[in-house]
Amino acid sequence: APGVVGTATTAANNYPPPIHTSPNVPTKPIASATAAGMTTPPRRVKVTSATVSPARTLDSQADAFLSAPSYRTNQLGLEPVLRPLPLPPGEEGVQRVRTLVERRAWGDVLKLSANVLHSGNPHADVYSSLLLLPTFAPKSDVEALPLPMKLETAEVMALHCHALLKLRRYADLEKEVAKWNFLFQNDASAVSPDWLPWSIHILGAQSLQYTGEFDHAADVLQDVQSRIPPEDASALASVNIALANLYIRQEQWRLAFGTLDRISDLIPAATKQEIIESSNYSSMPNPTALKSTLAAAYQCEVRFRQGKALLQIGALPQVAELFEYARKEWTFANEQIPQELASHPAVVLMFCQMEVNEGLFYFAQNNYDHALSSFEKGLGILQSQDLLTQKYNPNAYLGTGVLCFDTPSELYSECVNNMALCNLYGCKMQNAVSQLEDLVRSDPTAFLTERVAFNLCTLYELGADSAVSARRKRVLQLIAKRFFLHDIGPESFRVS
């Protein structure tokens, strides 16, 4: 399984089902001392030796776990995170949905997004106009509604589908997508509104994978690609990314590499389109320098994806060639980065991504010391940039932009997780446990993922007897429940 103990991998999402609610601890009524007369002599008070530690509740053990010294408290000088912050007051509707996505409270995302799409409001009117069998007639003229309102509706639709994915409610996802009247997979003669992003069509096609219809998903994605105007290079790149991911998942390597080559060919036009359409670059005095730097970053990302695919089939010489080519290409481009690109994710994380790729290459050669050194370098780059705040990123769910990049938090988690694997294979069990525990303490919402939980619980089983291991796993499970991390199922904690 990708990402679990035994294999160093890049970030990937899995979608476990259960929804946890906040722990509700019942209180017992306190009996009054004067309620009844004393009819029997009091029992002798039991004296506990001072050398015996009293039994602690799981809550207190979770507090102790999260309060232990960590990078957060020692290096950053921050207070430990014992509980999630209260939700911001006054939020409602789409903004509250976005906040819940940041918190990974996918069960609540599902409920609130459904409410936004079905209550009597303009978003619900837009949604109703996109259904084959609407449950009610729109109360307003959808065509006259402002474009931001329509795009927000598409965003909520995408988040609703992602919530179903995260909770592994694949049958419900299939039913939701089957309602959409603009999808060509539902109706070959469907007419899609001009304002609707192509990413929604791509999401509808990708949903077929989760019901085992891989071939159908590929056919639909190819059909969507044929309908996208040739001048929309960004959307064409997005649909090809979806195709490449599908082919890699099916281990159809020739198709995957051919699709990645098409993405590379689309990058010049897609980069030009991004610069023209983005308000961030409209006043740039030298758009040529901007385009060349951004195109170099995107080409490097394609090289990385090709290299990681080749790692899976053991073509190490070709992997080394691709990674080295990307490093040289970016080292040259990095000498003349325009100020406008200083905060672009492709620019900010490029050198960190190179170190991670190098670590994966060494790991594939069983060179765990060199791999560990590369992952540590990548981690150091992220720590020096102070980019680990968990923020809502619409591109991660709408698929907009030329290429989607890992967030700093995802890369950080990947570095630490793979460092732990290197230490495990280097017979440094305690180091591996300490690194993953420190990662969780830094920010459970950002870093206690399904993969991290599974690997840490596996290490607990390998390094302690069954009773101690079971207690540690229950503590970790309680932390996930306390922070409302709905996308981690009980199987991740290896408990029966």
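Among contacts in the protein between residues at least 6 apart in sequence, what percentage join residues at least 24 apart? The figure is 67%, where a contact means heavy atoms within 4.5 Å.

This is a predicted model, in which local features need pLDDT of at least 70 and side-chain atom pairs count only at pLDDT 80 or more, while totals for chains, interfaces and linings use all residues. Residues are numbered from 1 along each chain as its sequence is written, and side-chain values use heavy atoms, with hydrogens and water left out.

**Whole chain.** Start with a cartoon view: the protein has 22 helices and 0 strands (DSSP runs numbered from the N terminus, H or I of at least four residues for helices, E of at least two for strands). Switch to a surface. The accessible area is about 24600 Å², with 54% belonging to carbon and sulfur atoms (Shrake-Rupley method, 1.4 Å probe; for residues, only the protein chains shown count as cover). Of the 496 residues, 48% are buried (under 20% relative accessible area; exposed is over 50%, partly exposed in between; 1.4 Å probe, protein chains only).

**Cysteines.** Select Cys 352 and Cys 415. Cys 352 is buried at 0% relative accessibility, and Cys 415 is also buried at 0%.

**Largest cavity.** The structure holds 4 cavities of 30 Å³ or more (on a 1 Å grid over the protein atoms alone, sets of points where a 1.4 Å probe fits but cannot get out; lining residues have an atom within 4 Å of a point). The largest cavity has a volume of about 90 Å³ (the space filled by probe spheres set on the points, which are joined across faces, edges and corners). Helix H12 (287-312), helix H14 (345-348) and helix H15 (350-364) each give two or more residues to its lining. Select the lining residues, among them Glu 301, Phe 304, Met 350 and Asp 406.

**Second largest pocket.** Its volume is about 710 Å³ (a pocket is an open set with protein on both sides within 12 Å along at least five of seven lines). Of its 28 lining residues, select those closest to the centre: Arg 72, Thr 389, Gln 390, Ser 442 and Asp 443. Then colour helix H2 (71-74), helix H3 (93-103), helix H16 (368-385) and helix H20 (444-447), each of which supplies at least two lining residues.
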